[in-house]
Amino acid sequence: MSTIELPAPAARDADHFVSTDPFDPASATQLTPEQERFYLASQWKLMWWKFKLHRVAVVSGIVLLLMYGSTLVTEILAPYNLQTRNTDFIYASPQRVHLFHDQHFVGPFVYAQKKALDMDTLRREYTEDRSQPHPLRFFCYGDPYRFWGMIDMSVHVVCPAPGSTLFLLGTDRLGRDVLSRILYGARISLTIGLLGIAISFALGLVIGGLAGYYGGWVDMTVQRIIEVIRSFPELPLWMALSAVLPVTWSPILIYFGITAILAMLDWTGLARAVRSKLLALREEDYTTAARLMGAKPSRIIGRHLLPGFMSHLIASATLSIPGMILGETALSFLGIGLRPPITSWGVLLNEAQNINVVALYPWLMLPVVPVIVVILAFNFFGDGLRDAADPYR
Amino acid sequence: MLQYVVKRVLLMIPTMIAISIIVFTIIQLPPGNYLESYIAELQAQGESVDPQKIAFLREYYGLDKPLVEQYLRWAAGMLRGDFGYSFEFNMPVTKVVGDRMFLTIIVSFVTILFTWAVAFPIGIYSATHQYSWGDYGLSFLGFLGIAIPNFMLALVIMYVANVVFGTSIGGLMSPEYIGKPWSWDKVKSVLEHSWIPVVVIGTSGTAGMIRRLRANLLDELQKAYVVTARAKGLPPRKVLRKYPLRMALNFFISDIGSLLPHIISGAEITAVVLSLPTTGPMLLNALKSQDMYLAGSFLMFLAFLIVVGVLVSDLALVALDPRIRLQGGVAR
Amino acid sequence: MNALIVRTAALLALLPLLAGPAVGAEEPPNIAAAVAAGQLPPLTARLPRVPLVFEAPRSDWTLGRYGGEVRTLMAKDRDIRMMVVYGYSRLVGYDEQLRLTPDILEKVDNVDSRIFTLHLRPGHKWSDGKPFTAEDFRYYWDDVAHNKDLSPFGLPQALLVNGHAPKFEVLNETTVRFTWQEPNPMFLPALAAPSPLYIYRPAHYLRQFHAHYAGVEKANALAVEAGSRSWAGLHQKKDEQFRFDNPDLPTLEPWKNTTPLPSTRFVLERNPYFHRVDSTGRQLPYIDRIIVGITDDKLIPAKAGAGDVDLQVRYLRFDNYTFLKQSEKRNQYHVRLWEKALGSQIALYPNLNAEDAEWRKLMRDVRFRRALSLGINRHEVNEVVYFGLGRESSNTILQRSALFRPEFRAAWTKFDVKAANALLDSIGLTRRDAAGLRLLPDGRPMELVIDTSGESTEETDVLELIRDSWRQLGIAMFSRPSQREVFRKRVFSGKSMMSVWSGLSNGIPTPDMSPGELAPTTQEQLQWPMWGQYYEQNRKGGEAPTSPDVVELVKLFEEWRNSGSADEREKIWLRMLTINANEVYTIGIVTRALQPVVVRDNLRNVPVEGIYSWDPGAYFGMYHPDTFWIDTAGRR
């Protein structure tokens, strides 16, 4: 394209500035490298960058990863097996880890606990026997177990000195180590949340999707159903449904039953979100285009509409997991959820739910700490995800 | 507008019918019935019951009739205002519920006020100072409230209150005021006791509300008119107050729909732990012992309350927010 | 002469005391005003002409002073019936030596345990001042027990002997007689039970609800107004003497419930017409008022520890002891430990009527049961769960019963894994699988599932401990928590192979009490529900017992029911106890479990050491709460 001659500058000063440089269309769109990266980045990359801004969310994500990771290697992490009990150390208070004995550095160790029976108050009293340090062993051989049910191993990250005890968080009424029980309980409590979410996600997606896409009477019915479910006070519904589970089922089946029940009451929020988004998005031009080109509804929903707000859904789902975990603890409290011999945080908390524990053995309430941590982590993580889910804001 | 209202009210009817069927089914699902639970419980305590009497009661209460007939009898009764008979208390359901309803409403009402009072400032601060440490810190506190299981928190607070303040354990007032007429001392005692359930239930509701308020407010703050106002030089607080806050206030009305069931059911566990004379423990006991009419009628009543609450909040929202009316739909 | 005057004067001065206990005694202060105002008759008119004079039962018992109220806690409105249990005003009752003595009745003539002549106290009145006479018995007999609407299913079981009803006669205003063809030794114990057989009603009050007296239309109208379906329903509702839920219903108990249901606080006021007096002639009870608060059962130990009660035993468990002891001084109460009367705190019940053929065969094999019993480390259970304070034992009666023999307690309770394994081998269970579990004859590994009602952590803990020691026998044990009704159904139908529950409920029997727990007499017995059902339903349900020893037990029970002599009854009891100890039909673990009792420092006459038993004993009933009193002056 030939250069165009501009008229000569006027005699008097112009009111505005006009560049005399030749006009080159390609020059207008020169991008800096960062800008180029930004505009060319995929949706997920954009989300990740926005997510990183939320520092606490990142930290929470790491915490969650660690916790879920720990459930894979619980047997190795826990100092004792789930069933191990030591009837000589019932209701033992937590042992402190010391580093210095008699002003010498010895490395991490604990003192043995001396037990005294107070026959007046019928209480077992434990005092530290400061005469001899019992150093902790690391990567040692302790209680034998079957790793993932297949391999016989007995490696533990930390064990007590031979003949000694390591009760970092104390013991319960049968002399079982609280820390080990919390670690094993994580398996059940954490996975209930995930499983429940998976079921509720699937339900919400399908039902909400159908309602949003087809509209009309499908939409009406689904809305009524949702309204009915939401109108129920949760607790009585949980109670009633749990009472339905046949008590002859094995603990595993009951566990699945409970997750299914928790999920069945949870999908409504997700379904409403899906429905409203779909109602909006199906009016978009690209949907019409797809439909005119002969795409099936399932393809339209799955390939065109959903990716538009999948990130929102994931964020919502993540934020529902804490509700599931708390639901499990609430059901255990009411005595209708999981029960011993299954060990979950809810079961542990339920066993700690009496005045004896609050007044005399408060360390049995420690399972509430991982519950709080997980719920906080999920909340912040979900918040970060949701903020990041719409990166074009 | 009128058409909308009428349509919504009419739609309530099939909803309530569906709920009643579900409630009835659920109550009947656990094996056995009230009499069997009753006998089992007596047995467990070493007492025995005369089989003649049991047979008499079974026939008298109609527990030997087919289920469909029991349902129809109950449903028809409810329409007439007869909520049935409680086996456990040997008197009509309305008499059993009576007083407790009043106290439940008071506790719930105060809890909702508490939740609003806490969530509102935190939500606004969080939205206007996104990603600051203040935002994180306050959100943390809010989430903490939701993270600690209610029952544990209630028990610990109650024990501490007893040891530190000498507040008597459990109940909504000290035992000597029960059944007595209202006096200044009684009111003081109620206030002394009620802060525990209000705090326990309220803290678990604030987190959700904070988050929703924050999200809504953030949405508004991104809108073009706010940018325009700021660009035109309006001081930030005035900007906040005049426009987005109004939108956020709508939110309080609309949020009752999600807050109400939470308050009512969240209150139940706490009420059980603290032994409050509210409807929560009564309902749970009725469900456990399969006191059919008491549990069923009360569940229906709760569901009805919630449906009406949602309806009122939806209608209020429609009335307050002209955008919804003009666009012809409720955006959430 | 002076001496004579002095002596006569002294005699005259002492005369009032000699003349009779009712003369010159003080009125309880809280009704003295009403008596003075004429709203209540004076003491002599309120008491029966021959009241029951209560003598000191123990050395630490003292005469009391009037006044005060006692607070206690319960968990449900229904628990108000416990006040009828504690009040323990019965036609005949057990004293602290477990002897049956007349209480409301002045005298009982018992011929052969067949003919019972009951003598009421003349002048005895109901709590509303109306006379208590034979008419109240007749009303029950004619208008309640034999009324088609009120008792469509006939007389209560306790009144029937082999299905035959007695003959009832009113001899005069204060005497009635029941006559059976065959001996009915269960009659008096049924009248003395904590939940007694009521063979009388307050006729003057109930007549207004009865169609026969008020007319069918009027009675039905009353019923409709009150929300009942028919006059029979209303009559039934108003008539619940044991439930104690009708404040208008007159009673004979020491305190009367004045608060209608539902409530979170029940107030029981003194019954001004109560028939007992102390040895100085003052009318009992000493305490004016009982306050029963209703609160969540988990909170009751907490509230007791906080000093909210004056007397509490129900809903307190052994593991609350330490917590309660801690707050003793601060809240001015002290905790006592009473012995529970259970034969064994927790017992295992092999189901001899199990559905599964293999397991049933094993359960019926005495060697198997003995092996299981030998395989339990009772010492460990005692140390861990009961702080070493219990006593290792089989499920048998307690030491303080006269029928006790040490060999009953020790039978098959030694922890001996070798002997247990030898027994199992001798049955033929010698095949084992790869994990070391024994195999049943049909090849299945021995996985014993024990059903629990899922309510007590104590049961779960004990089972945990047993699981390990049974593993050494080659038996894998699983516990299956359930719900009470489902649990019972499973056991009754045979679906459950073994269950766990508390042991013998009456651990302190005398030969005159029923040995029904030792033989299959009711479906409720978890070790042989169908054999029990067979007996209970008169051969119309369940299965007939087949094991020869069990058949003998049933025969012995029948002999006891028909026996005339105390010697014979004792022999029968001993024989039944011996069979049970040898055959190990139920496996006991630890006995002499302890029950904490919270007593306020100034509450007197509550025994320091007592036995906590439902029947006999009625928990507090046997110790006469009407003689408890509050010492506002003295210190502990």
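This is a predicted model: local features need pLDDT of at least 70, side-chain atom pairs count only at pLDDT 80 or more; totals for chains, interfaces and linings use all residues.
How many residues of domain 1 of chain C are in contact with residues of domain 2 of chain C?

**View 1. The contact between domain 1 and domain 2 of chain C.** Nine residues of domain 1 of chain C meet nine residues of domain 2 of chain C. On the side of domain 1 of chain C that touches domain 2 of chain C, five residues are nonpolar, two are polar and two are charged. The domain assignment places domain 1 of chain C at 68-261 and domain 2 of chain C at 346-591. Taken over C-alpha atoms, the centres of domain 1 of chain C and domain 2 of chain C are separated by 37 Å.

**View 2. An open sheet of four strands in chain C.** The strands follow the order 13-22-14-24, and their pairing is mixed. Strand 13 (311-312) and strand 24 (611-612) of chain C each have a single partner strand and stand at the edges, so one side of each lacks a neighbour in the sheet.

**View 3. The pairing of strand 13 with strand 22 of chain C.** Strand 13 of chain C and strand 22 (residues 594-600) of chain C run antiparallel and are joined by two bridges. C:L311 lies opposite C:V599, a residue in strand 22 of chain C.

**View 4. The contact between chain A and chain B.** Chain A contributes 36 residues to this contact, and chain B contributes 36 residues. On the side of chain A that touches chain B, at least two residues come from each of helix 6 (216-230), helix 7 (234-244), helix 9 (267-281), helix 11 (297-333), helix 13 (355-360) and helix 14 (368-388) of chain A. Helix 7 of chain A gives the most, with seven residues. The residues of this side of chain A comprise 24 nonpolar, six polar and six charged.

**View 5. Confidence along chain A.** Chain A has a mean pLDDT of 82, and 93% of its residues reach 70 or more. Within chain A, confidence is lowest in helix 7 of chain A, with a mean of 71. Helix 7 of chain A is also the helix that gives the most residues to the side touching chain B. Confidence in chain A is highest in helix 3 (residues 55-72) of chain A, at 91.

**View 6. The fold of chain B.** The secondary structure of chain B consists of 14 helices and two strands. Of the 332 residues in chain B, 40% are buried. Among contacts in chain B with a separation of 6 or more, 72% involve residues 24 or more positions apart.

Conventions: Residues are numbered from 1 along each chain as its sequence is written. Chains are lettered from A and ligands numbered from 1 in the order in which they are written. Two residues are in contact if their C-beta atoms, placed from the backbone, lie within 7 Å. Ala, Val, Leu, Ile, Met, Phe, Trp, Tyr, Cys and Pro count as nonpolar, Asp, Glu, Lys and Arg as charged, and the others, Gly among them, as polar. pLDDT is the predictor's confidence in each residue, from 0 to 100. A residue is buried if 20 or more other C-beta atoms lie within 10 Å of its own, exposed if 12 or fewer, and partly exposed in between; C-beta atoms are placed from the backbone. Domain bounds come from an automatic or database domain assignment. Two strands pair if DSSP finds at least two bridges between them.
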